[in-house]
Amino acid sequence: MPRCSMRLVQWKKNVKKASSLVFKKPDSLSVGRNLEETKTESKRERERERDTVLMEEAKGVVKHVLLAKFKEGIPSDEIEKLIKGYANLVNLIEPMKAFEWGTDVSIENMHQGFTHIFESTCESKEGIAEYIGHPAHVDFGGLFLPALEKVIVFDYKPTVARF
């Protein structure tokens, strides 16, 4: 083969090799790697990043969650009055720092008949105990619980995911 033809073949090989370079980051050039290898590596990197999510338990805070289904026949104005009474507990019980509530808006239809959620935030587990035993909570429970057909109560320390 003439020398000129050999150079042309070598040049074509070099061009082909250069065209297969995949540039990801300036500090990690990949020579001669195909696109599928690079995609697979990128997927592995994303999976590793997901595995490095930091889970951090909230300091001190405890959530008190109540899921409720009101009995049939309880008028909506009575339900509203009960909800306002529940919300007012935040003004009466010192360790209770916040109150939120809502009704089910899910399209998944997995609510098992529960229609309302109530969430109280307290400063600690001891605060939850004080909240539960507080006379204002006990008195309110005497009004609220008889209006419910179903109830679930759950206390937890929130864990926050940091990405």
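The model is predicted, so local features need pLDDT of at least 70 and side-chain atom pairs count only at pLDDT 80 or more, while totals for chains, interfaces and linings use all residues. Residues are numbered from 1 along each chain as its sequence is written, and side-chain values use heavy atoms, without hydrogens and water.

Helices α3 (residues 76-92) and α5 (residues 135-144) have axes that come within 10 Å and cross at roughly 175°. Helices here are DSSP runs of H or I with at least four residues, strands are E runs of at least two, and both are numbered from the N terminus. Axes are lines fitted to C-alpha atoms over the stretch in contact, with angles from 0 to 180 degrees between N-to-C directions. The two helices are therefore roughly antiparallel, a label for angles over 145 degrees. From α3, Leu 82, Gly 85, Tyr 86, Leu 89 and Leu 92 meet Ala 136, His 137, Phe 140, Leu 143 and Phe 144 of α5, contact being heavy atoms within 4.5 Å.

Leu 89 of α3 is buried at 2% relative accessible area (buried is under 20%, exposed over 50%, partly exposed in between; 1.4 Å probe, protein chains only). Beyond neighbours within four places in sequence, Leu 89 touches Met 96, Tyr 131, Ala 136, His 137 and Phe 140. Its C-alpha atom is separated by 7.0 Å from that of Ala 136, 47 residues apart along the chain.

Turning to strand β5 (residues 148-156), Val 151 lies within it and is partly exposed, with 39% relative accessibility.

Notes
Angles under 35 degrees count as roughly parallel, over 145 as roughly antiparallel, 65 to 115 as roughly perpendicular and the rest as oblique.
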